[in-house]
Amino acid sequence: MPGNEQEEQDKQLMLHYLDTEPDLFTRNNPLVHFTASGWIVNPKRSKVLMVYHNIYDSWSWTGGHADGEMDLLAVAMKEGQEETGAVHLSPISRDIFSIEALTVDGHVKRGKYVSSHIHLNVTYLLQAEETDTLIIKPDENSGVQWIPVGEIEEKVSEPWMMERIYRKLLQRMKTFAKESCEKQE
């Protein structure tokens, strides 16, 4: 499944932690735990549904902690709905779209300090309808917006995420769309 060197390295890291660390599907492990994200696109694949993340002060994908749930696609779906209000959300594929080991700097959440740690993240390609009424989840984001693919780089203010993760997801989205069209012909 790994599609590049970053994913191969991160897969090895995930396998290592699965062998050596307890409670990876809960936040009881303060050093490292699983999360899931949704790369949510419209049916035409011309826009991505993103949230303005309060902690990272940037437009970002949706996602969150597994919190005991081992079905990471279910986590990505739940988080996507909670963070955007999209009710017509569905997986384009049940397959993993991308994997990432992401460092999280120490921060304050809900009035409590959270130490720096690692998110073992699994990303899924999801689809939503642009007609859904979008809502803000104030404890996590201050904006929800369909962003045209060509404008994402202008909106994201986290250089590492844009360069290493979002560009990869955008490229995969294009490849996936092209392959889907070829299969239909």
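**Exercise 1. Determine how strand 6 and its neighbours pair with strand 9.**

Solution. 
Step 1. Strand 6 (residues 98–104) runs antiparallel to strand 9, and seven bridges join the two; strands are DSSP runs of E with at least two residues, helices are runs of H or I with at least four, and both are numbered from the N terminus. Two strands pair if DSSP finds at least two bridges between them. The structure is a predicted model, in which local features need pLDDT of at least 70, side-chain atom pairs count only at pLDDT 80 or more, and totals for chains, interfaces and linings use all residues. Residues are numbered from 1 along each chain as its sequence is written, and side-chain values use heavy atoms, with hydrogens and water left out.
Step 2. Valine 104 has histidine 117 of strand 9 as its bridge partner.
Step 3. Strand 1 (residues 32–41) is joined to strand 9 by 10 bridges, and these two run parallel. Here threonine 35 is the bridge partner of asparagine 121 in strand 9.
Step 4. Strand 5 (residues 90–91) is antiparallel to strand 9, with two bridges between them. Glutamine 127 in strand 9 stands opposite serine 90.

**Exercise 2. Describe the largest pocket by volume and lining.**

Solution. 
Step 1. On a 1 Å grid over the protein atoms alone, a pocket is an open set of points where a 1.4 Å probe fits, with protein on both sides within 12 Å along at least five of seven lines; lining residues have an atom within 4 Å of a point. Grid points are joined across faces, edges and corners, and the volume is the space filled by probe spheres set on the points.
Step 2. The largest pocket holds about 1,000 Å³ of space.
Step 3. Its lining has 45 residues, and Tyr56, His65, Val104, His107 and His119 lie nearest the centre.
Step 4. Among the elements that each supply at least two lining residues are strand 1, strand 6, strand 9 and helix 4 (159–184).
Step 5. By class, the lining comprises 13 nonpolar, 18 polar and 14 charged residues; Ala, Val, Leu, Ile, Met, Phe, Trp, Tyr, Cys and Pro count as nonpolar, Asp, Glu, Lys and Arg as charged, and the others, Gly among them, as polar.

**Exercise 3. Count the aromatic pairs and characterise the pair of tryptophan 39 and tyrosine 166.**

Solution. 
Step 1. Rings of Phe, Tyr and Trp (its six-membered ring) pair if their centres lie within 6.5 Å; planes under 30 degrees apart count as stacked, over 60 as edge-to-face and the rest as tilted. This rule gives four aromatic pairs.
Step 2. Phenylalanine 25 and phenylalanine 34 are stacked because their ring centres are 4.7 Å apart and their planes stand at 10 degrees.
Step 3. Tryptophan 39 and tyrosine 166 are also stacked, at 5.4 Å centre to centre and 25 degrees between the planes. Tryptophan 39 lies in strand 1 and tyrosine 166 in helix 4, so the pair ties together parts 127 residues apart in sequence.
Step 4. Tryptophan 39 and tyrosine 166 are both buried, and Trp39, Trp61 and Tyr166 form one aromatic cluster.

Definitions and conventions:
Buried means under 20% relative accessible area, exposed over 50%, partly exposed in between (1.4 Å probe, protein chains only).
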